[in-house]
Amino acid sequence: MSKYDELLHKIIEDVSSNSKFNKSTHCIFDLDSTLFNVTSRTEKILSELIDDKYFINNFPSEIKKLRKPLVNHDDWGIKEALIRSGIECPKFYEKAKKYWAKRFFSNEYLKFDIPYAGASEFVNELYSLGAHITYLTGRDQIRMLVGTVESLKQWNFPVDLKHTSLALKPKSSDEDTEFKTNYINKLINQYESLYFFENEPIIIHQVERLIPKIKIIFMDSVHSGRADPLDHWPKINMRFSRN
Ligand SMILES: [Mg+2]
C-alpha cells in the first residue's frame, strides 16, 4: 500500500472512530486543484480561443503555433501552454490571458472540470460517517456560485443544507488566504476534529500558523509557486481513490 493510500485510509478510520465516540468532525475541502482537476476547463477555453475571429484576424501566426494538447495538468494558468508552443508575443499573451480569465472565473465553464479520481466517493464516505463537509473556495460568489453548485451536483458530491456548507468569496478582490483563514477560525471551537484539504502552500502556511489544531492534508497537484510546501505536511497525490 502506498503512503497516499495509507493516509486516506487513516483519515477514514479517524472520522469513523470519531463518529463512534460522538466526536464531531468537520472536513474542509478546497475545490480548484484539490477536488477538481481544472486542466480541462483551461483546455476548453484555449480551444475556443483558437476559433475566435478576433484572434484569427489579429494573431494568425500565434494561433497556428498553439499545439494540442494545449494544457498539462501542472500548468498554472496559460503561460506554460504558450511557452511550449513557442509563442513569445507579449501582446498575444496579454489578450489571451484576459480572454482566458473572463471565462475561467465564470459559471459557464465550471462544467468542464473533472474531479480527481475517487474525490466524490471519498467526500461521500466522510459525509456518510457523519462529518460535516465544507467546500471552501477562492472562487467568488458573483461570477461562480451558480456554476459551483451545478458542478458539485453534476459529480454527485454531497450537497445539503444541514450537513454541508459552501463558502465562496463575497468579492473577487478578497484575498484567498485571509478569506479562508477567517472562515476556518470561526469553526475552530465548534468541532472536535477538523481537516483541511488544500493544494495552495501559501494558504496552508497561514492556516497552520494561526490554527495549529487543524489537520492539514496537502493536495500535491499544482500551485501558484508563491510558497513551497513543507515536508511534514501529510500529502495526497492527485487522487482520492485508494487500494
Ligand atoms: Mg485550490
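Below are my notes on a few helices and residues.

**Ground rules.** I am working from a predicted model, where local features need pLDDT of at least 70, side-chain atom pairs count only at pLDDT 80 or more, and totals for chains, interfaces and linings use all residues. Residues are numbered from 1 along each chain as its sequence is written. My helices (H or I, at least four residues) and strands (E, at least two) are DSSP runs, numbered from the N terminus.

**Entry 1: Ala96.** I found Ala96 in helix 6, residues 90–104. Is Ala96 buried or exposed? Ala96 counts as buried because it has 25 C-beta neighbours inside 10 Å. The cut-offs I used are 20 or more other C-beta atoms within 10 Å for buried, 12 or fewer for exposed, and in between for partly exposed, with C-beta atoms placed from the backbone. Next I looked up contacts, meaning C-beta atoms, placed from the backbone, that lie within 7 Å. Leaving aside neighbours within four places in sequence, Ala96 touches Leu49, Ile78 and Leu82. I also checked Asp32, 64 residues away along the chain from Ala96: their C-alpha atoms are 21 Å apart.

**Entry 2: helix 2 against helix 6.** Two packed helices are described by the angle between their axes and the distance between the axes. Helix 2 (residues 39–50) packs on helix 6 at about 130 degrees, with the axes 10 Å apart. Here axes are lines fitted to C-alpha atoms over the stretch in contact, and angles run from 0 to 180 degrees between N-to-C directions. That angle makes helix 2 oblique to helix 6; under 35 degrees counts as roughly parallel, over 145 as roughly antiparallel, 65 to 115 as roughly perpendicular, and the rest as oblique. Which residues meet? Arg41, Thr42, Ile45 and Leu49 of helix 2 meet Ala96, Tyr99, Trp100, Arg103 and Phe104 of helix 6. I sorted the residues of this contact into six nonpolar, one polar and two charged, taking Ala, Val, Leu, Ile, Met, Phe, Trp, Tyr, Cys and Pro as nonpolar, Asp, Glu, Lys and Arg as charged, and the others, Gly among them, as polar.

**Entry 3: helix 8.** I then turned to helix 8, residues 141–154. Its buried residues are Met144, Thr148, Ser151 and Leu152, and they pack against strand 4 (132–140) and strand 5 (164–169). After helix 8 comes Asn156, with a positive phi near 60 degrees.

**Entry 4: Ile12.** My last stop was Ile12, in helix 1 (residues 3–20). Ile12 is partly exposed, because 16 other C-beta atoms lie within 10 Å.

How values were computed. The expected span of a helix is 1.5 Å times one less than its number of residues. Two residues are in contact if their C-beta atoms, placed from the backbone, lie within 7 Å.
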